[in-house]
Amino acid sequence: MGGILAVANQKGGVGKTTTAVNLAAAVALAGHRVLLVDLDPQGNATSGLGVARHELERHVYHLLMGGAALDDILRPTAVENLAILPAARDLTGAEIELAEMAEWEYALADKLRPAAARFEVIFIDCPPSLGRLTVNAMVAADGVLVPLQTEYYAMEGLTELLATVDSIRAGLNPNLTLAGIVLTMYDGRTNLARDVEQEIRRHFGELVFKTVVPRSVRLAEAPSHGLPVMLYDGRSQGAEAYLELSRELLRRYRFSPPESAHQTENSGAAT
Ligand SMILES: Nc1ncnc2c1ncn2[C@@H]1O[C@H](COP(=O)(O)OP(=O)(O)O)[C@@H](O)[C@H]1O
Ligand SMILES: [Mg+2]
C-alpha cells in the first residue's frame, strides 16, 4: 500500500485529530518522513502541533483552491521528520467552492502529488462530515483509518462511512482500502468498553488494530501545549498507546519509500 492515509469518521469527537497528530508523530519518531495534512477548517491538528492559525497567511485552502506552492505552506513541527500542511477557518469555503471546479474530487490528490515524492507516510486529518473535503481526502488516499470511540453508539454511522469508502473505490479511486479501525478513549474499568470492543472485533475481525487507545488526560492536555503526547509526557499511557499503534501500523503496512527514492534506485539499476 502507498503511504497516504485518510483519518476519517463523520462523527465529531471520536479521536480523529488526536489519532492523526499522535500517530503521525509516532511514525516520524520511528525515523520515517511524515506529513500531516490538516483538512479540517477547525484546524485542531494545526494548533495541536503548535502552529498559530491566525498567523497563517496561506494554508491548505490556498494549496487546494489557488496556486500556492507546497513549500510556501509546509511548516516544520517540534518533531523532527514531521511536517504539517496547516489549516485555518476559511477552509470552510472550500466545501462550496470545490463544487464549482471541474473534477473537484481530484483537487487534493493533484496538489499532494509532489508531497508523495518527499514523504513516506502522509496522514490526512478529515473534518467531521462526508462532504467534499473528506471525499477529496479519500480520493487522494491509499487507505482510510477509522477511529471509533469505544462507547455504546460507536458503530452508528459506520455503515454510511463504509458505503462512502466502497463507492469511492468503485469509481474515483480503485486503490482505496480500508486500512483499519482504531478503538479510542477506551476506559478499561467499565464493562461497557469491553462489551463494545468485543462487539466491534466480532464484526470487523482483523481490521481492528490490536492496540487500543485508552482514555488519558495527557492526550487531552497535550494539544494546548502545541505538542504531540510523546513530547508532552513520553511516559504517559497515551504516549505508549500511540507508539504501540505506530509499530502495529508499520508491521501491517510496509510503506514504499517516496517516489524520489524509487527513481534514484531505478536510475541506479539502469546504468
Ligand atoms: N484517548 C483519549 N483520552 C482522552 N481524551 C481524548 C482521547 N482522544 C481524544 N480525546 C479528547 O476528546 C476530544 C475529541 O477528540 P478529537 O481527536 O479532537 O476528535 P475528532 O477529531 O474526531 O473530532 C478532544 O478534546 C481530545 O483531546
Ligand atoms: Mg478533529
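This is a predicted model: local features need pLDDT of at least 70, side-chain atom pairs count only at pLDDT 80 or more; totals for chains, interfaces and linings use all residues.
## Overall build

The protein holds 13 helices and eight strands. Its C-alpha trace spans about 55 × 45 × 35 Å along the principal axes.

The radius of gyration is 18 Å. A compact globule of 271 residues would have a value near 18 Å, so the two agree. Of the 271 residues, 46% count as buried.

## Around ligand 1

Ligand 1 is surrounded by 17 residues. The closest are G15, K16, T17, T18 and A220. By class, the shell has nine polar, six nonpolar and two charged residues.

Three elements each supply at least two shell residues: α1 (16-29), β7 (177-186) and α10 (217-221). Helix α1 gives the most, with three residues.

## An enclosed helix

Helix α7 covers residues 132-140. Nine of its nine residues are buried, so the helix is largely enclosed by the rest of the structure. A residue counts as buried here when 20 or more other C-beta atoms lie within 10 Å of its own.

The buried residues of α7 are R132, L133, T134, V135, N136, A137, M138, V139 and A140. Both helices and strands contribute to the cover. The helices include α5 (92-97), α6 (107-116) and α8 (158-170). The strands include β1 (4-7), β5 (121-125) and β6 (143-149).

How values were computed. Residues are numbered from 1 along each chain as its sequence is written. Chains are lettered from A and ligands numbered from 1 in the order in which they are written. Helices (H or I, at least four residues) and strands (E, at least two) are DSSP runs, numbered from the N terminus. The radius of gyration is taken over C-alpha atoms; the globule rule is 2.2 Å times the number of residues to the power 0.38. A residue is buried if 20 or more other C-beta atoms lie within 10 Å of its own, exposed if 12 or fewer, and partly exposed in between; C-beta atoms are placed from the backbone. A residue is near a molecule or strand if its C-beta atom, placed from the backbone, lies within 6 Å of it. Ala, Val, Leu, Ile, Met, Phe, Trp, Tyr, Cys and Pro count as nonpolar, Asp, Glu, Lys and Arg as charged, and the others, Gly among them, as polar. Two residues are in contact if their C-beta atoms, placed from the backbone, lie within 7 Å.
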